[in-house]
Amino acid sequence: MNKLEKICVFCGSSDGNDLAITDAAKKLGEIFAERNITLVYGAAKIGVMGTIAKSVLDNNGNVVGIIPNFLKKKEVVHLGLTELITTQNMHERKMKMQEESDGFIALPGGMGTLEELFEIITWLQLGLHQKPIGLLNINGFYNDLIKMLENMVRKGFLSMDNYSLLLVDSEPKLLLTKMEEFKTPQLPKWLNSDRT
């Protein structure tokens with residue numbers, strides 16, 4: 001069983017227009033606080049990001065925000081977090097998120113959310129970390145993305161082993177169970193222990 005004490009959540013800095021997404025973000029925040037899981041996220045007080053952070057904090061949980069200096073504006077950054085880490089750039093931010101977390105969950109979001117999700121799953125595929133990655137498919141938001149990944153498998157661009165690295169569920173508690181039970185894949189044969 002994987003011990004998930006800190007989970008990084010990737011999600012939108014907008015609210016979107018589906019209230020089921022906002023409700024699920026609140027619920028996930030409540031579950032984190034209840035299970036004493038620290039939320040690691042992008043430090044914004046707006047959008048789905050702000051919703052999950054507020055939910056964790058309102059339920060006496062811990063939240064670590066990580067934000068690059070150029071985004072640290074009053075209207076964006078959440079100043080009431082347990083801990084706020086400032087990085088020099090986006091690359092350093094993602095590295096710090098990876099270092100600080102025991103696992104990752106993607107909620108609905110836009111380009112930035114997808115970029116973060118695919119970078120962290122590529123790092124897992126390459127053996128650069130061994131942490132579980134979950135996709136919370138709220139109200140079918142990621143159905144088309146899942147179909148695209150299945151098409152990549154059919155067309156020979158994605159192996160079933162790598163497709164299976166992404167854990168998917170529509171229920172937060174079931175997704176967390178899958179993440180706890182995740183078994184680390186073997187290091188790819190074409191990478192040595194120095195990752196060179």
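Reply: α4 lies across β1, β5, β6 and β7, and runs at about 150° to β6. Contact here means heavy atoms within 4.5 Å. Axes are lines fitted to C-alpha atoms, for helices over the stretch in contact, with angles from 0 to 180 degrees between N-to-C directions. Helices (H or I, at least four residues) and strands (E, at least two) are DSSP runs, numbered from the N terminus.

This is a predicted model, in which local features need pLDDT of at least 70 and side-chain atom pairs count only at pLDDT 80 or more, while totals for chains, interfaces and linings use all residues. Residues are numbered from 1 along each chain as its sequence is written, and side-chain values use heavy atoms, with hydrogens and water left out.

β5 (residues 103–106) and β6 (residues 133–136) pair in the parallel sense over three bridges; strands pair if DSSP finds at least two bridges between them. The partner of I105 in β6 is G134. From β5 the chain passes through α4 (residues 111–125) to reach β6, a right-handed β-α-β crossover. Right-handed means that, with the strands pointing away from the viewer, the path from the first strand over the helix to the second runs clockwise.

On its other flank, β5 runs parallel to β1 (residues 6–10), joined by four bridges. V9 stands opposite I105 there. What covers the two faces of β5, and are its residues buried or exposed? G103 and I105 on one side and F104 and A106 on the other are all buried. Buried means under 20% relative accessible area, exposed over 50%, and partly exposed in between (1.4 Å probe, protein chains only).

Now the whole sheet. Seven strands make an open sheet in the order β4-β3-β2-β1-β5-β6-β7, with parallel pairing. β4 (83–87) and β7 (166–169) are the edges; each has a single partner strand, so one side of each lacks a neighbour in the sheet. On average, neighbouring strands are turned by 25° against each other, direction ignored.

Move to the β3 side. β2 and β3 pair in parallel through three bridges, and Y41 has G65 as its bridge partner in β3. Between them the chain runs through α2 (residues 47–58), and this crossover is right-handed too. β3 (residues 63–68) has six of its six residues buried. V63, G65 and I67 point one way, while V64, I66 and P68 point the other. In a regular strand the side chains alternate between the two faces of the sheet.

Five bridges tie β3 to β4, again in parallel. I67 stands opposite T86 in β4. Helix α3 (residues 90–100) packs on the sheet, touching β1, β2 (38–41), β3, β4 and β5, and its direction makes about 160° with that of β3. I66 has I85 as its partner in β4. T87 also sits in β4. T87 is buried, with a relative accessible area of 1%. Beyond its neighbours within four places in sequence, T87 contacts I66, I67, P68, N69, E92, R93 and K96.

Next, the core. The largest nonpolar core holds 56 residues, and I7, V9, F32, L39, I105 and L107 touch the most other members. Helix α1 (residues 19–34) contributes the most, with six residues. Such a core is a set of buried Ala, Val, Leu, Ile, Met, Phe, Trp, Tyr and Cys residues joined through side-chain atoms within 4.5 Å. In soluble globular proteins, nonpolar side chains tend to be buried together. Leaving aside neighbours within four places in sequence, L39 contacts I7, V9, F32, I52, A53, V56, N62, V63 and V64.

Last, the setting. The protein chain has seven helices and seven strands, running β-α-β-α-β-β-α-β-α-β-α-α-β-α from the N terminus. Its radius of gyration is 16 Å, close to the 16 Å that the globule rule gives for 196 residues, so the chain is as compact as a globular protein of that length. That radius is taken over C-alpha atoms, and the rule is 2.2 Å times the number of residues to the power 0.38. Buried residues make up 46% of the 196. Of the contacts with a separation of 6 or more, 69% join residues 24 or more positions apart.
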